[in-house]
Amino acid sequence: MGIDNAAKVEMYRRMVLIREFEIAAMDLFKRGEIKGAVHPYIGQEASGVGVCTALEVEDLIAGTHRSHGHNLAKGARPDRMMAEILGKEAGYCKGRGGSMHIAAFDTGSLGALAVVGSGIPIAVGAALAFQMKGQSHVTVPFTGDAGTNTGNWHEGLNMASTWKLPVVFVLEDNKYGVSTNIRDATNIEDLSIRAKSYGIPGVRVDGFDVLAVYEATVEAVFRARSGDGPTLLVTESYRLEGHYAGEPEVYRERSEVAEKWKHDPIPSFRRILADSGVASSDQLDAVDAAVKAEIVSAVEFAKASPEPDSSTRVDYIYA
Amino acid sequence: MTTIEKDATSLGSTTPVMTPDLINQVGSGVPSHELSYQEAIREALREEMVRDESVFLLGEDIGVHGGAFGVTRTLFDQFGPERVRNTPISENTIVGAATGAALVGMRPVAEIMFVDFSGLAMDQIANQAAKLRFMTGGQCSVPWVLRMPQGGGAGKSTAAQHSQSLEVWYAHIPGLKVVFPSTPYDAKGLMKAAIRDDNPVIFLEQKFLYSFRGSVPDEDYVLPLSECDVKRTGSDVTVVASGYMVWHAMLAAEILAGEGIDVEVVDVRTVSPLDEDTIGASVRKTGRAVLVAEACRSYGPTGEWGMVVMEHAFDYLQAPIVRVAGRDSPIPFANSIEAGVWPDSQDIVKAVRGVME
């Protein structure tokens with residue numbers, strides 16, 4: 001799979017960017033500066049970045065309530081992202097969406113569609129439009145393990161496979177739907193076998209391994225662009241933080257989480273890059289420092305931005 | 001507000017026969033042709049599909065079969081399976097797919113076989129399509145039309161899961177427009193407007209009206225999506241109605257004219273956004289309001305229209321507002337008990353006489 005060193009370092013940078021963004025967002029949330037909810041993507045960075053690195057700008061992703069990472073992986077700017085979740089006019093959605101409904105259309109992100117499973121049919125429809133217009137773009141709806149139990153998901157896979165639509169269904173199995181372990185919510189161990197009932201490939205990869213995710217996505221995207229229809233791509237992942245920032249996590253043992261932290265995808269990928277000579281430790285330190293500075297200035301930008309003017313309260317309801 | 005309670009046992013076979021000349025919307029001398037309500041919708045779809053290649057249809061059995069009520073019949077032959085697209089029975093994904101296609105430049109017209117089935121699609125309608133433009137700060141728009149046959153009609157006997165009138169489900173959701181035409185002329189002009197509009201439009205088709213005939217102009221025309229239409233002018237009492245009830249109101253007005261009562265009929269052909277000004281102006285003129293809907297009485301359209309009258313014409317009222325509405329009941333199957341569920345022209349006549357006393 002042809003991916004050069006610079007691209008690998010960029011994948012690392014985006015993973016660190018997501019991690020630092022989420023740490024900053026959780027901090028702001030716990031101090032009451034972000035209202036509503038923050039659902040951190042910490043632990044799943046390799047999945048979103050691996051997938052989105054295999055996409056073009058014109059390819060569309062559709063996210064979930066946990067989509068800061070998907071947006072950033074697709075190329076959204078952290079300053080406008082942070083402004084959005086602080087409810088500011090300079091945010092991508094002008095403060096109308098917030099953390100759970102954030103979208104950045106100019107990067108090819110239909111954004112967070114926060115009712116679990118609801119992004120699936122929309123991504124299917126966008127893929128239908130691409131097919132009808134003779135365009136070679138693909139759509140990539142993300143969902144968690146819990147989303148695969150929705151009617152949306154099954155209807156969407158059925159329709160997309162029937163019409164051979166250019167969709168890559170990414171199932172990020174982070175093991176929990178809020179507090180419910182997926183093993184208590186479905187009768188199968190390997191969620192990728194659900195692809196069989198739709199006559200499409202079901203591929204399962206290590207969701208902590210960004211290169212494995214990337215390579216599997218490239219293959220699925222190639223199949224989609226070739227007119228051969230959708231793929232179900234399961235990234236075996238883990239949510240290293242709670243369902244939302246500050247969530248008490250009474251449903252899992254601390255030891256389980258601690259064990260998963262040992263496989264944190266960011267230091268793992270950093271070691272791979274350094275050991276294989278892709279980038280030196282110093283270069284990667286410089287990436288880390290630059291990202292941290294970018295997040296600091298994103299937070300400053302967001303805090304300094306004005307809230308939407310009350311006179312604009314009913315804007316954008318109708319076109 | 002007071003309410004006319006229907007006595008089902010007294011209705012019997014009094015359901016009046018409708019004639020097309022009750023409503024004439026095309027002036028004499030204007031080149032026109034006659035269509036049924038069903039044909040008018042089809043003609044609008046056909047013309048818009050010819051005019052704009054981004055318009056396509058999707059829904060259950062809309063292809064060769066032509067849809068449950070035949071509205072899309074022959075369109076499959078003309079436009080083929082890509083643009084007249086049969087879907088699996090997946091209401092939520094039919095609507096969601098329409099939304100996704102609309103986001104990237106298409107103008108889908110989706111069909112849900114009966115409005116009663118639209119509960120299966122409610123997330124995609126109410127949470128997604130209606131809100132996407134707003135919650136993304138105007139980054140997108142969702143230009144689709146969702147066609148849904150609704151309501152009942154004497155002798156149709158489609159019962160509780162195939163006969164409801166659900167316009168208020170959708171009128172309650174900001175971001176949606178809700179259209180409910182009563183005539184072939186309105187159906188064609190509103191469908192063309194709905195397809196060209198950049199918002200998600202719920203297009204409700206009264207099933208009993210499919211066979212109703214009327215004239216439509218030969219030339220292209222589009223009706224506004226935000227106006228009530230005064231179907232008959234009068235000076236004594238305003239009857240506000242929509243869908244099939246407009247015909248009952250027009251027939252009642254004919255009967256009452258014979259008694260010297262001059263009825264104005266306001267057709268709420270766009271349920272939402274509601275044209276409050278036309279209702280208000282009419283009642284300020286007549287001083288009396290009778291509100292008629294096929295939908296269930298409680299929390300139904302008549303309650304909303306009544307408050308519009310209160311807000312726009314309270315000081316002009318010469319009698320209490322009266323509503324004539326469907327019973328708060330599931331729709332039964334047997335003719336003998338189905339007949340009493342919906343209002344008809346006789347109920348309207350009685351209500352108008354009441355407010356004139």
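Two strands pair if DSSP finds at least two bridges between them. Helices (H or I, at least four residues) and strands (E, at least two) are DSSP runs numbered from the N terminus. By these criteria, strand β1 (residues 60-62) of chain A and β3(A) pair in the parallel sense over three bridges, and A:I61 stands opposite A:V140 in β3(A).

The model is predicted: local features need pLDDT of at least 70, side-chain atom pairs count only at pLDDT 80 or more, and totals for chains, interfaces and linings use all residues. Residues are numbered from 1 along each chain as its sequence is written, while chains are lettered from A and ligands numbered from 1 in the order in which they are written.

**Chain A**

Chain A contains ten helices and eight strands. Its C-alpha atoms fill a box of roughly 55 × 50 × 40 Å along the principal axes. For 319 residues, a compact globule would have a radius of gyration near 20 Å, and the 19 Å of chain A agrees with this; the radius is taken over C-alpha atoms, and the globule rule is 2.2 Å times the number of residues to the power 0.38. Of the 319 residues in chain A, 55% are buried, a residue being buried if 20 or more other C-beta atoms, placed from the backbone, lie within 10 Å of its own.

An open sheet of six strands, in the order β2-β1-β3-β4-β8-β7 (chain A), has parallel pairing. At its edges stand β2 (109-111) and β7 (202-206) of chain A, each with a single partner strand, so one side of each is left without a neighbour in the sheet. Neighbouring strands are turned by 20 degrees against each other on average, direction ignored.

Axes are lines fitted to C-alpha atoms, for helices over the stretch in contact, and angles run from 0 to 180 degrees between N-to-C directions. Contact requires that the C-beta atoms of two residues, placed from the backbone, lie within 7 Å. On this basis, α5(A) lies across β1, β2 and β3 of chain A, running at about 170 degrees to β3(A). Helix α7 (residues 210-225) of chain A packs on the sheet and touches β4, β7 and β8 of chain A.

**Two helices**

The expected span of a helix is 1.5 Å times one less than its number of residues.

| Helix | Residues | Span, first to last C-alpha | Expected span |
|---|---|---|---|
| α6(A) | 151-162 | 16 Å | 16 Å |
| α1(B) | 37-51 | 21 Å | 21 Å |

The buried residues of α6(A) include A:W153, A:L157 and A:M159. They pack against α5 (119-133), β3 (139-144), β4 (168-173) and β8 (231-236) of chain A, together with α3 of chain B. After α6(A) comes A:K164, whose phi is positive, near 50 degrees. Among the buried residues of α1(B) are B:Y37, B:I41 and B:L45.

**Chain B and the interface**

In chain B, an open sheet of seven strands has the order β4-β3-β5-β6-β8-β7-β13, with mixed pairing. Its edge strands are β4 (84-86) and β13 (270-272) of chain B. Strand β3 (residues 55-59) of chain B pairs in the parallel sense with strand β5 (residues 107-111) of chain B over five bridges.

The contact between the chains takes 33 residues from chain B and 33 residues from chain A. On the side of chain B that touches chain A, α3(B) gives the most, with nine residues.

Conventions: Buried ≥ 20, exposed ≤ 12 C-beta atoms within 10 Å, placed from the backbone.
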